[in-house]
Every structure is written in structure tokens, then in C-alpha cells.
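The sequence and structure are shown first, and the description follows.

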Amino acid sequence: MERARVEEVVGDFVNLKRRGTNLIGLCPFHHEKTPSFNVSPTKNIYKCFGCGKAGGAINFVMEHEGYDYPEAIRYLAGKYSIQLEETQADAETIQAERERETIYKVLEFAWQYYKSQLHDTEEGQVAGLNYFIERGFRTKTIESFGLGYAPDKADGLIHEAKKAGFTLDILQRAGLITQHGGDFFRHRVMFPIFNISGKVIAFAGRQMVNSKRGPKYINSPETEIYVKRKVLYGLSHAKKAIRDNDNCFLVEGYTDVISLHQAGIENVVASSGTALTPDQIRLIRRYAGRITVLYDSDPAGIKAAMRGLDLILEENLDVRLALLPEGEDPDSFVKKSGLAGFQDYIREHGKDFILFKTQLLLKEAAGDPMRKTTLVKDLVETLAHIPEAIKRSAFITECAHLMKIDEHILVRETNKAYDEFLRQKRQGIPRDVDSAEREIQHQVFNQETKQTDARIQALPNLADQFQERDIIRILLSYGDKPIPDSNLTPLSRYILVSLLDIIDEFQNETYKKIMREYQDLLEQGKPPGPEYFTHHANKEIQNLAIELLTSPNEYARWEEHDMPLQIQLHPDINYKKDAFDAILRLKLKILMGHIENNIAVINQLQAEGNENEMIIHMRMHADLLQLREQITSQFKNVVLRV
Ligand SMILES: [Zn+2]
């Protein structure tokens, strides 16, 4: 991390120009015409103000090249001629690794075999090659997708593979033989399935004539290297185009992928014989923020497809849906309409998935109030899957408008569904970073809904976590700066000591995590600099740190919050007073929360007629008001001192 200069690593892929202390270029992660991709050599990080992608040198090569962590480290080590010492694996691991290599080798062998059967044998040419040509596949396409042919023989492949030295055990583990010991694929045209880096990991075989004997397609069985839910057909061919277009087309079949590719639409994948899974969606998200689903307009198919799409929303991708004209699939349609016609059609008919669903359901429920109730339930399920609060409320407004129902009702119902959704998540699946993030979003959302409550509207400072965020901003930016003539130094010590008794009251779990981690490091005598958090292993923390350290400072917003604002000095010389104010604001906010709760308790007790308890809480109320006075007067004093 010390040696790898972000500007050099990024510079190998992006044309960077100097601007002030930073470098700027066209973002490699989203499509843009004016540069918003910033590289800061002093902070050793990059950040795109267009799409939000951010990180250090390691993140960059992972993200850009699709490497995993060790691969990225090896790449950087290579670039900087650093000798890597990889831990010596034990004999068992080495053996397992060797066997995996052999499985890849036998799959490669099988692929070469199927290709040569297609091109070099009479049976292959007559049955296989003719089939592809009739479908309209050009020679170049057949080559680039590595299509092949499995002959009508019981053990054609097994025989050849044995001659080449592969064992039955390896063939079995590669999914190439049946339980009865024969070739798995017979008398079919063959589609190799590649992993992201372009290695063959499985096959799909298709019958050349539709017959009642056996299914049209068969896929390799799952093996240790072929896990269906993690694979998207066509991704290795499509990833660059998906990134360039910031959009990924999703189709149902292998031949759809190949036909669209041949027609010039290269950003296309298929979920290959399974319903779309979260793993597959995450794969797409590595390359694009939008997904356009292409479906035939058969009503049963549409409904089934829409259930799967709620999953995509959860992963925070933009989902659009385009229904093809009746009787067409992507393959037939692109052949008929050509590239330009196809693109025009998608532009005209592509609709946002949620609005699409609303309209579709509305049409079904026309004139039937009972159906409309079911419809709202259904829609609320979908809305609850949008993790981003702002996006969610935008859709709620739009849908309420379409359905002509009160927006508040839709907010409340969605909120309920979201609670239920989170509850199920917590029970079902182990918590991961994503679900923790959803929970944070959920809190924000809850507070947004609460804002409609008039009682809280009177106290605007309760409504967000801005005070907490500001503390974290100051902590990460200036935590390692000294406070001269004080035993509470550096600044982080002053902040942490001041907030020691209220860290638990932080509403935001990520902020809390950062505070705790900072505290630990400080206690170990290792106060971290800003670069510690901007290169943090937890991506969520890292992104937050970059966000806070690269955004222009957020003072301006205090005016909206009706807080006393002091004369502004530059933050770099003003960090102590900044911290002092931020701590006061947070304390005030928490105090306001307590006052709020206490008022609710008093009202409750009054309704119950419990006077004794009520008096205790009234006294508490007076104390709390006094505390509030103390804090606000400190603000005033500060103003005077300045
Ligand atoms: Zn970008």
C-alpha cells in the first residue's frame, strides 16, 4: 500500500490530467463525456463524482480488472517488482489445488474435442454446423463463442480423454460423464460456459431437432467449479461493453445472447437456465448500475419474471424492462428489425420496472376495489425492496399518483413491509455488510416517515444523523492533529473523551463502529491518520471515509438546521472549535430526543391518570430543559468569544 501510487496505477488505464493538486480523467466505471473521475496523490485515493466509485490502488485493480484481493496484490507486486512471499500451503491444499487445475484442463480438453467434432468430422458438419448456420450464426460468431458438437456416440469423449491421460474420476468431477459411465452430452450442439476470466467451466447442449425424447437443453451438473447461481452466460464476452454502456441486457437463452452479440449489442448476458439469483445480480453490479430485462410478452412469463426482479431492486440496481412484440424473442426480433430498429424499440418501450408493474397491475384491477387492495400489497412488497431511501420515496410518490391513493398510506404500508422484510432477513440469513447498510437506510427511512409527524416536525434537528456524521467527519479529517497546551491531545482524544458516555446513543451503526475502532487504536497508542480509514478493509467504512474527506465541508447545511453559526475560519486551523461545536450539537440533539420521549411518557401517564408517576416525569422535564439551556448558552458564549 505504501509503494503503490494510486495515480500511477490508475494512470495505466485512464488518461489523467493535472488539475490543481489532483488529477482528473474520464471515469472508467461509468460512461461520461466530461471528466468527473478524481485522483488525489496526497490522499492516495481516487473518487468519481459521477458514479461514486472510490478507493485506493488495490480497489482500483480489483474493480477495473475483476480481480479478487490476492490477484490484485499479485498484479501490484508485479508492477512494482515487489517480491511476494505467499504462505506455504500444506500438502493437502496443494493437492486440492492441483486437482482443480486438472478439472479445468479436462474441461479445456473437452471443449477442443467438441470444436473439432463440429468442424473436422462429417457428422459434425452435417448435423451441427448446418444447424448453427441455419440459425444465422456467422463463422466468426461460432468461433468467438467456441461452439461445438457432441457426436452421437456412447463414449466418444471418454475414449479420447483417457487416451490423453485423464482419469474417469476427473471426468466425473468435471461433470462430463453420466452415472452410467457414458458421455454426458451426446448428439447435441454444444455451448461452452465460461467464467469471468474466460475459462471453460461447464457446457450446455442443445438438441438440433425438437423431439419429445429428452429436454431441448441440458446443462452440465454442478461441480466444484461450476456453481450455477454464480454464473451468467456470456459475461466474459460482455463485461467491457456492459461497463462502457453502464447497462446490462438480461435475456433468457444462450442463443439470444449470441444473436444480439452478432447484431452488435454486446452488453448482454443470460442467467442460463435458473431464475436470476442475488449472486448473479452482484456480478452485474460490478460492471453497471443499470439492467434492462428483455422478455417475450407472454403474460405468464412476465409475472414469473417480475417476482425475480424484486431481488434486483434489493441490490440497488436500476431496473428497466422491455417487452418484445408478441410472438418475438430477442433472437428473432433482432434478426427482423436490425440493430438500429432494435435499439429504437428498446428506447421507446423500455420502462422502469416499478412503474411498469404498477401499470400492469392497475390494468388488471380496473374497476375492482378488492383487486386494488391486493395490488397495493403486491406493490408495497416491491417498494420495500428498494434499499435507498431517497429513491424509494420518489417511487412511492409516483406510484401513489398512478394509483390515485394517498401517499401517506403508501408510505406507511411500505414501511411495514420493510420492517417485515428486515425481520425475515435477520432470521434467515447471516448479517452481512449489505444488510447492515440496509438497516441504516431503514433508520433513515423511518425518520423520514416520522417527519410527517407534526410533533417531530417542530424539532427539525431530531430528524437525521447529521450531527453524528459531522463528528465522524472531524474525527477522520483532524483526529491526529495536536491540541497544544492540553492533556487531551490529539484532537481525537478530546472528541472521544467528550463523547465517551454517549457513543452508545449513536443511531448509525457504522459511525459507532468507527468510533470504537478509533478508540481501540488510540488506546494502543496508534492514532490513525486519515489514510487509515480511506484504505479500510470494510468497504462501507472506506467509502464513507472517502466521501467525508473529499466532500466540500458541510457547514452551509447548518443554516437549514437553525443552529447558531459562527464566523467561519478555514477548517484546517479551526478543527478544535469545529470539534467543540459538533460535540455540543450532538449532545443537544440527543437531549432533544430525551425531552421528546419524556413528553410522550407524560402524555401517556396523563391519559392513564397515573399522577404520581407523572409528577416524577414532570420534574425530569424541568431538569432536561435546564440542561438544554446550559448547552445552548455555551453556543452563545462561543459566539461571544469569537
Ligand atoms: Zn464514475
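## The open sheet and its surroundings

An open sheet contains 5 strands in the order β11-β10-β12-β13-β14, and its pairing is mixed. Here strands are DSSP runs of E with at least two residues, helices are runs of H or I with at least four, and both are numbered from the N terminus; two strands pair if DSSP finds at least two bridges between them. β11 (268-270) and β14 (351-352) stand at the edges with a single partner strand each, so one side of each has no neighbour in the sheet. Helix α10 (residues 254-262) packs on the sheet, where α10 touches β10 (248-251) and β11, and the direction of α10 makes about 170° with that of β11. Such angles run from 0 to 180 degrees between N-to-C directions, and axes are lines fitted to C-alpha atoms, for helices over the stretch in contact. Strand β13 (residues 318-323) pairs with β14 in the antiparallel sense over 2 bridges. R320 has D352 in β14 as its bridge partner.

The model is predicted: local features need pLDDT of at least 70 and side-chain atom pairs count only at pLDDT 80 or more, while totals for chains, interfaces and linings use all residues. Residues are numbered from 1 along each chain as its sequence is written.

## The chain as a whole

The chain holds 27 helices and 14 strands. Of its 642 residues, 32% count as buried, a term that requires 20 or more other C-beta atoms within 10 Å of the residue's own, with 12 or fewer for exposed, partly exposed in between, and C-beta atoms placed from the backbone.

## Helix α2

The buried residues of helix α2 (residues 57-65) are A57, I58, N59, F60 and V61. These buried residues pack against the elements tabulated below, and contact requires C-beta atoms, placed from the backbone, within 7 Å.

| Element packed against by α2 | Residues |
|---|---|
| α1 | 6-11 |
| β4 | 45-48 |
| β5 | 54-55 |
| α3 | 69-79 |

After α2 comes G66, whose phi is positive, near 70°.

The axes of helix α4 (residues 91-120) and helix α5 (residues 122-134) come within 6 Å and cross at roughly 100°. Q117, L118 and H119 in α4 meet G124, G128 and L129 in α5.

Helix α22 (residues 509-523) contains E517. E517 is partly exposed, with 16 other C-beta atoms within 10 Å. E517 and P528 lie 11 residues apart in sequence and 9.8 Å apart in space, C-alpha to C-alpha.

Terms used:
Contact = placed C-beta atoms within 7 Å.
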